[in-house]
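Dear colleague,

Here is the structure you will be working with. My notes on it follow below.

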Amino acid sequence: MSSIPTPPPPTSSPSPPTTSLLLRDLLCNSERIHHYHHLLLLLPMSSIPPPPPPPPTSSPSPPTMSSLPRDLLCNVLSRLPGISLLRLRPVCREWRNVIDDPGFAAVHATSGIEGPRILLLLRPLPSPAGWTDARLAAPFMMSDELLVTSLPEPVASSWLYGEGVSCHGLLCFDDPRNGGGTHLLNPLTREIALVAGSSVAPREHGYRQRIAFGLDRLTGRYKILRVSLFFGDHAIRGTRAEVLDQGSRSWRDIASVPPRLFLGVPVYAAGSFHFIFVGSGSGNRVIKILSFDLAKEEFVPTPCPEFQNAHLMVLRGALGLVDLSQNESIDVWTMEEEGGGRWTKEYSIPLRVPRVLNTSNRSVEFLGCGGQKMMLRFSGSILSYDPATGEVKYVQRGGASLARAMGSITVSLLSPAKLWNTDKVVLPLTAVMKMSKGGLSLGEKET
């Protein structure tokens, strides 16, 4: 066995070995490990140098929205309200492609991010000379409770003459003048599309139509229902029901035909269209409801409380009934989709509030839901009722007497033209309106 080498004799007073020299010798002369092991144990830990730092690398750049995966970008943008998305749309091509995507618009429309607003439609404002000023052609205003807009002629005339029924931010209306067609309008993006022509030729004794637009929850596709009532000798002589499927340009007759009744303006709730009509009950004329199931495509009666004066509404997606039979209040009822159609009174809006309101239900128009509040119109002014506090107050004094109330609408980015694969027209927006105590007023011109 070879002997363990010993260090050379000192020639001068030796200095203690440094940590760096000791480690170097250990690495270069592994056979000396046994000899130096006891010296390593005597070295303080603080004198052992730390390992060398890793080679410098370039610091990573912070993530940006453009670097996000598309599904994550869609998730972020879907949490923003529609008016914000319209402002973000011109930022870059990627954002515009996401916001314009029909799939994204469909998800956003059903996400619940938007609350209901009362849609008020104004006629175009003519100038004193009798022609329509371009700056006044299409004012626009949106708050938490209201969406006020105006459409240029001739769109405004046909819409005001026809009826608008909304679903997921789109309104469907017929232009019955001269055999006009059926249109879809998005009042937020101001896109309008002609989806079908009229299938009913004018009859000798005339006819009346009701039209409704909604989503078939079974197939996930939209449908438009048209009910035509034909008159003769001051009575209804016949009825006809037709359906227009999403993407189709041709109406088709359905087997289920409604009874010969004067049907009111419908609403869409819980996968069905609901019409109100006057029937008999308990010896008096009372309000009744006829519903059309979009999946089954058939008309069925819907039981409801026997009110002498009421109209339909939608409250949080459920079918609602507004009782106008009382003199001291307006009562709002909703029907449970599950549980056999049971009705529950949700709110009672007082009509006699000191220094605010003192009238009867005949002078007040119930508009519907605006945000978390119930909206009323009285003498050209807009009032709100807050169910959380029971407070009734003015939202807008004056300025609303010339506007047509189209009910509650939940705005969306859905494109009527893309849904029906047809041409679109985007109506110009040249002015915005501001809410003020004095009434609805025009704001600064858009750039």
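Does Glu145 count as buried or exposed, and why? Glu145 counts as buried because its relative accessibility is 17%; buried means under 20% relative accessible area, exposed over 50% and partly exposed in between, with a 1.4 Å probe and protein chains only.

This is a predicted model, in which local features need pLDDT of at least 70 and side-chain atom pairs count only at pLDDT 80 or more, while totals for chains, interfaces and linings use all residues. Residues are numbered from 1 along each chain as its sequence is written, and side-chain values use heavy atoms, with hydrogens and water left out.

Glu145 sits in the loop between β2 (140-142) and β3 (146-150). Helices (H or I, at least four residues) and strands (E, at least two) are DSSP runs, numbered from the N terminus. Apart from neighbours within four places in sequence, Glu145 has contacts (heavy atoms within 4.5 Å) with Arg117, Ile118, Gly370, Gly371, Lys373 and Met375.

In helix α5 (residues 93-100), the buried residues are Trp95, Val98 and Ile99. Seen down the axis of α5, these fall within an arc of 95 degrees, so they line one face of the helix; the arc is that of the directions from the helix axis to the C-beta atoms. The buried residues of α5 pack against α3 (70-77), α4 (82-88) and α6 (102-109).

For the chain as a whole, there are eight helices and 29 strands. Of its 447 residues, 45% are buried. Among contacts with a separation of 6 or more, 52% come from residues 24 or more positions apart.

Regards
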